[in-house]
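Let's take a walk through this protein together, one region at a time. Keep the sequence and the 3D view at hand as you read.

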Amino acid sequence: MAGPATLEIGDVSLAISDAALRRAVGQWYDQLAAERRASPHTLAAYAHDLGAFLDFLSFHQGGPPGLADLAVLKSGDFRAWLAHRTQSGLARSSTARALSVVRGFYRFLDREALVHNAAIGVVHSPRATRAVPKALAVAEMGDLLTTAAELGRDTTEPWVAARDVAVLTLLYGCGLRISEALGLNCHDVPLNREAGGSMTITGKGGKQRMVPLLPIVVDAIADYVAVCPHRLTPEGPLFVGVRGGRLNPRIVQGRMQTLRAQLGLPKAATPHALRHSFATHLLGA
């Protein structure tokens, strides 16, 4: 204790004027250190998060909070704290951790019969933002498809290269998910080189959409079908592996990994990135 209104826990100094709250925070911290055996850095982060919450309450309530104040906070008070963090530019992941810390503190207070507040339980953590796959440049897509074709020229199974080119062209040229492309049967794709045409894709949730087939996509698939050594039936899979079964997504992912290494592309260049590239290039041209 550095003073009547200051609590020193680890390397963090918290200004807490209420003696009961100061004592409760100290007990909470000691229990964390003893039971979780967390690193000093983690404990300091927890203490900082709780201190920031109490500092917000001082501003929000117009005065330093006491232990009794924690019992009467409403869900709107907690949401105001979350909104304050968002407005301050703090990352969602940081806010999610801070909310977890505050919830843990309230659980401790409840177990010790010091404070009970059900409102904290109805406050949801902010959703983490999903990283959007980075689109490849048009030139990179051209290099990707060219290199995929060249990989099979010196192999004993050039049809595999034709298949991979067809899959990658389909993913990019039609904006398909890899599961949608590999789930196609032969009768799903009209192989009309002149007219191109369209096909019906069943996506997530069973939703269907019409997808136009560019001539270059039709050509790539037709070239693959012409050299495929396996018998492709109308009701059977369009893209097959070396044993004739439906092509496994891991094979396509492995091919992309090889192409990334040869072309010096970033790790974000995945089969799903081809779908994102399709949307980006469609909007650009």
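We can begin with glutamine 61, which is partly exposed because its relative accessible area is 34%, a value between the 20% limit for buried and the 50% limit for exposed. This glutamine belongs to helix H2. Setting aside neighbours within four places in sequence, glutamine 61 is in contact with Asp69 and Leu73. Its C-alpha atom is separated by 9.5 Å from that of aspartate 77, a residue 16 places away along the chain.

Before going further, here is the wider view. What you see is a predicted model. The protein has 11 helices and 4 strands. It contains 285 residues, and buried residues make up 39% of them. If you take the contacts between residues at least 6 apart in sequence, 60% of these join residues at least 24 apart.

Now back to helix H2, which spans residues 40–61. How do helices pack against one another? Two packed helices are described by the angle between their axes and the distance between the axes. For H2 and H4, the axes come within 11 Å and cross at roughly 110 degrees. An angle from 65 to 115 degrees counts as roughly perpendicular, and H2 and H4 are therefore roughly perpendicular to each other. On the H2 side of this meeting you will find Phe53, Phe56 and His60, while H4 brings Asp77, Phe78, Ala80, Trp81 and His84. Sorted by class, the residues of this contact are 5 nonpolar, 2 polar and 1 charged.

Some of these names return when we look at the aromatic rings. The structure holds 5 aromatic pairs. In one of them, the rings of phenylalanine 78 and tyrosine 106 have centres 5.7 Å apart and planes at 80 degrees, so this pair is edge-to-face. The pair links distant parts of the chain, since phenylalanine 78 sits in helix H4 (residues 75–87) and tyrosine 106 in helix H5 (residues 92–111), 28 residues apart. Both phenylalanine 78 and tyrosine 106 are buried. Together with Phe53 and Trp81, they form one aromatic cluster.

Helix H5 also has a partner in helix H1 (residues 19–35): the two pack at an angle of about 105 degrees, with their axes 10 Å apart. H1 and H5 are therefore roughly perpendicular to each other. From H1, the contact uses Leu21, Ala24, Val25, Gln27, Trp28 and Gln31, and from H5 it uses Val101, Gly104, Phe105, Phe108, Leu109 and Arg111. By class, that gives 8 nonpolar, 3 polar and 1 charged residues.

In the loop between H5 and H6 you come to alanine 113. Most residues other than glycine have a negative phi. Alanine 113, however, has a positive phi of about 60 degrees although it is not a glycine. Its relative accessibility is 69%, so alanine 113 counts as exposed.

Two more residues complete the tour. Threonine 169 lies in helix H7, and with a relative accessible area of 6% this threonine is buried. Apart from neighbours within four places in sequence, threonine 169 is in contact with Leu145, Cys174, Ile216, Val217 and Ala220. Asparagine 185 is found in the loop between H8 and E3. Is asparagine 185 buried or exposed? At 15% relative accessibility, it counts as buried. Beyond residues up to four places away in sequence, asparagine 185 touches Pro234, Glu235, Gly236, Pro237, Leu238 and Arg246.

Methods. Residues numbered from 1 in each chain as written. Predicted model: local features only at pLDDT ≥ 70, side-chain atom pairs only at ≥ 80, totals over all residues. Heavy atoms only, no water. Buried < 20%, exposed > 50% of the residue type's maximum accessible area, 1.4 Å probe, protein only. Contact = heavy atoms within 4.5 Å. Phe/Tyr/Trp six-rings, centres within 6.5 Å; stacked < 30°, edge-to-face > 60°. Axes fitted to C-alpha atoms, helices over the stretch in contact; angles between N-to-C directions. Parallel < 35°, antiparallel > 145°, perpendicular 65-115°, else oblique. Nonpolar A, V, L, I, M, F, W, Y, C, P; charged D, E, K, R; others polar.
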